Amino acid sequence: FWVMAAAACDSLSSLFEVVHLSVYAHDGIGSYFLDAISAHLEALCDSFLALLLLALGAGWTVPSDVLSVQQNASALQQMLGGLQSPFGAMTKFTPTALFSVGIFCAHVVLAQWGRMYNDDFDSYHDLEHLPGKLLMLFRTVLGL
């Protein structure tokens, strides 16, 4: 599901950007709406991939008898331990679900904030403004 959702977001993002560029070629303005939706779908794709990598790192595909969260684990360990079964953890109101929603919200907010600096499609990944730098910091912190 995760990879399919990321691929769907990425494919739709590319489709909307191509349509925007086609309209831009005809009228010189394009469609701000399609360009914005394209950028936000790209951000959602990045969110899905970040959660996929975190779930794999937490032991999602490893048998449950090999990995287990101990009862005296810290709150951070329990939250990340919930990613061992990501679908179960996200169907309930758990710290893991809140963490996942936070990842999605952070990517969407950074994508929109980046568009305020520049309307280009790739401005979300542009590291020359504060939202791009925060995106890289966010990804670094998630990688730790």
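**Core and cysteines**

Me: Which residues have the most contacts inside the largest nonpolar core?
Reply: Phe48 and Ile103, in a core of 17 residues. A nonpolar core here is a set of buried Ala, Val, Leu, Ile, Met, Phe, Trp, Tyr and Cys residues joined through side-chain atoms within 4.5 Å. Buried means under 20% relative accessible area, exposed over 50%, partly exposed in between (1.4 Å probe, protein chains only).

Me: Which elements give two or more residues to this core?
Reply: Helix H1 (2–27), helix H2 (32–57) and helix H5 (95–117). H2 supplies the largest share, 8 residues. Helices (H or I, at least four residues) and strands (E, at least two) are DSSP runs, numbered from the N terminus.

Me: Where does this model come from?
Reply: It's predicted: local features need pLDDT of at least 70, side-chain atom pairs count only at pLDDT 80 or more, and totals for chains, interfaces and linings use all residues. Residues are numbered from 1 along each chain as its sequence is written, and side-chain values use heavy atoms, with hydrogens and water left out.

Me: How many helices and strands in the chain?
Reply: 6 helices and 0 strands.

Me: Back to Ile103, what does it touch?
Reply: Leaving out residues up to four places away in sequence, Ile103 touches Ser47, Ala50, Leu51, Leu54, Phe138 and Leu142. Contact means heavy atoms within 4.5 Å.

Me: How many disulfides?
Reply: 0. Cys9 is in none, and the nearest cysteine sulfur, that of Cys45, is 6.4 Å away. A disulfide needs a pair of cysteine sulfur atoms within 2.5 Å.

Me: Is Cys9 buried or exposed?
Reply: Buried, with a relative accessible area of 11%. Cys105 is partly exposed, at 43%.
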